[in-house]
Amino acid sequence: MFKKILVANRGEIAMRIIRACRELNIPTVAIYSEADSTGIYVKKADEAYQVGPGPVKGFLDGPQIVALAKRVGADAIHPGYGFLAENAEFASLCQASDLTFIGPSPQAIHLMGNKVEARKLAESVGVPIVPGTEGGISDVREGLRFAQKIGYPVIIKASAGGGGRGLRVVRSDDELRDQMDTCSREALASFGDGSIFIEKYIERPHHIEFQILGDRHGNIIHLGERDCSIQRRHQKLIEIAPSLVLTPALREEMGAAAARLAKAVDYDNAGTVEFLLDQEGRYYFIEMNPRVQVEHTVTEQITAIDIVRAQITIAAGEPLDVTQSDVHFIAYAIQCRINAEDPKNNFRPCTGTVTAYLSPGGIGVRIDGAVYKDYTISPYYDPLLAKLTVRGRTWEETVSRMHRSLEEYVLRGVKTTIPYMKAIMQDPDFREGRFDTSYIETHPQLLDYEETIEPEDLVLAISAAIAAHEGL
């Protein structure tokens with residue numbers, strides 16, 4: 001097993017990795033920026049070192065991180081998600097520096113991280129794909145010819161990266177002309193790669209992803225699926241497991257397809273194979289994420305398998321300690337992303353100081369977060385504050401438990417998505433499982449929730465207003 005692991009990330013995922021290492025008795029090294037120096041994960045790691053410059057660049061500086069790992073005696077690096085997690089060059093640099101990259105091989109990252117190449121591979125092993133351009137596309141005329149042939153709507157995608165950046169749905173020639181350059185520029189700014197491609201857009205599908213685990217001994221299994229259809233502008237808000245729409249036969253077929261794709265690249269470590277499931281029950285591969293996902297918690301809750309622990313033991317060369325026949329669902333689970341955003345104001349990110357914090361508890365309730373009273377939310381990072389995950393024996397029990405937990409959750413000082421999530425849990429369509437990727441857009445009434453203003457918050461707001469006025 002590893003002597004020491006450097007966690008090349010921050011926030012809640014850094015805390016998640018540190019916890020797994022603590023259970024394995026592995027010392028940890030955290031990195032932080034000056035803006036993040038008071039993070040809980042910094043305090044919980046055995047060692048912590050500042051990287052820079054600025055709030056973000058240090059987390060993206062592979063040579064600096066590798067040099068630090070070598071200097072402090074770490075023999076492995078866990079990248080979490082985001083930042084350098086899907087950077088094949090960083091994985092190669094770790095490898096060349098005699099450091100274990102806790103993730104798949106650089107070759108697998110390179111192949112599966114490029115959506116165009118991943119589509120070609122999926123097609124070659126018999127996994128259905130959405131009709132699309134066969135490679136990167138830069139000429140508007142070529143894009144127009146494809147769209148006119150396949151029919152609108154189509155979706156423009158960045159060949160690299162994800163998270164909704166460099167991605168647009170277009171429904172006409174004019175929109176395609178307007179958006180191709182925009183997507184390319186956005187992709188270049190976000191991922192350093194401006195190449196794009198075009199696919200047929202599947203209307204109102206379910207977004208279904210299968211969790212994969214593979215070791216270095218040729219064993220690959222899946223841990224079932226997650227339904228990530230509750231999303232806004234391709235950013236996931238709520239994830240559930242297992243899906244309410246998959247039959248056992250379809251689950252087995254899709255899971256086998258996901259594992260087959262992973263085997264085709266000799267995949268090891270954790271990964272996710274993502275599909276769209278249309279209204280007729282046909283599924284299509286869209287991409288593979290060669291890293292741990294934000295929403296891995298719901299799979300852990302229904303299978304009792306620790307995915308981050310498995311990442312570490314796999315990277316250390318150990319074989320999987322479970323087989324496909326050992327994977328059983330013991331519950332339903334829902335994850336809500338608690339973001340510092342104002343849903344009523346077009347989900348505008350919010351900054352400020354947390355003036356009160358009290359997390360929910362009770363049977364089947366899990367919090368993954370890095371927020372606390374007096375925590376300062378800066379504008380430099382993703383607005384995710386915490387992930388609230390609950391499990392129950394039935395879907396109905398799980399939804400009720402989530403609603404109760406959201407009611408208990410106290411997080412004041414900034415606007416959050418908590419009241420919006422409560423509204424969703426009470427929506428009849430959601431409770432009956434009637435949702436797909438169009439759910440947020442087709443349920444605008446959920447934004448009509450009532451906001452409660454606590455007396456302490458009102459006093460602070462008045463004090464801030466007075467101070468601002470006196471400073472004029």
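**Buried charges and the chain around them**

Student: E295 first: is it buried or exposed?

Tutor: With a relative accessibility of 1%, E295 counts as buried, where buried means under 20% relative accessible area, exposed means over 50% and partly exposed lies in between, with a 1.4 Å probe and protein chains only. This is a predicted model, in which local features need pLDDT of at least 70 and side-chain atom pairs count only at pLDDT 80 or more, whereas totals for chains, interfaces and linings use all residues. Residues are numbered from 1 along each chain as its sequence is written, and side-chain values use heavy atoms, with hydrogens and water left out.

Student: OK, and which side chain does E295 meet in a salt bridge?

Tutor: The partner is R337, at 2.9 Å from N to O; a salt bridge here is a side-chain nitrogen of Lys or Arg within 4 Å of a carboxyl oxygen of Asp or Glu. Because E295 sits in the loop between β13 (283–289) and α11 (296–303) and R337 in strand β14 (residues 332–339), the pair ties together parts that are 42 residues apart in sequence. Helices (H or I, at least four residues) and strands (E, at least two) are DSSP runs, numbered from the N terminus. R337 is buried as well, its relative accessible area being 11%.

Student: What about K157, which residue does its side chain meet?

Tutor: K157 meets E199 in a salt bridge, 3.1 Å from N to O. This pair links distant parts of the chain, with K157 in strand β6 (residues 154–158) and E199 in strand β8 (residues 196–200), 42 residues apart. K157 counts as buried at 8% relative accessibility, and E199 is buried at 2%.

Student: And R10, where does its partner lie?

Tutor: The side chain of R10 meets that of D36 in a salt bridge of 2.7 Å, N to O. D36 is in the loop between β2 (28–32) and α2 (40–44), while R10 is in the loop between β1 (5–7) and α1 (11–23), so placed that the pair links distant parts of the chain, 26 residues apart. Both R10 and D36 are buried.

Student: Switching to the backbone, which peptide bonds are cis?

Tutor: The bond from Y152 to P153 is cis, with omega near 0 degrees, and P153 lies in the loop between α8 and β6. A cis bond also joins A241 and P242, with omega about -10 degrees, and P242 is in the loop between β11 (235–241) and α10 (248–264).

Student: N25 has a positive phi, so how big is that angle?

Tutor: Phi of N25 is about 60 degrees, although N25 is not a glycine. N25 lies in the loop between α1 and β2 and is exposed, at 70% relative accessible area. F347, also not a glycine, has a positive phi near 55 degrees, but F347 counts as buried, at 7% relative accessibility.

Student: Last one, the whole chain: how many helices and strands?

Tutor: The protein has 17 helices and 22 strands, and 56% of its 472 residues count as buried. Its C-alpha atoms fill a box of roughly 65 × 55 × 50 Å along the principal axes.
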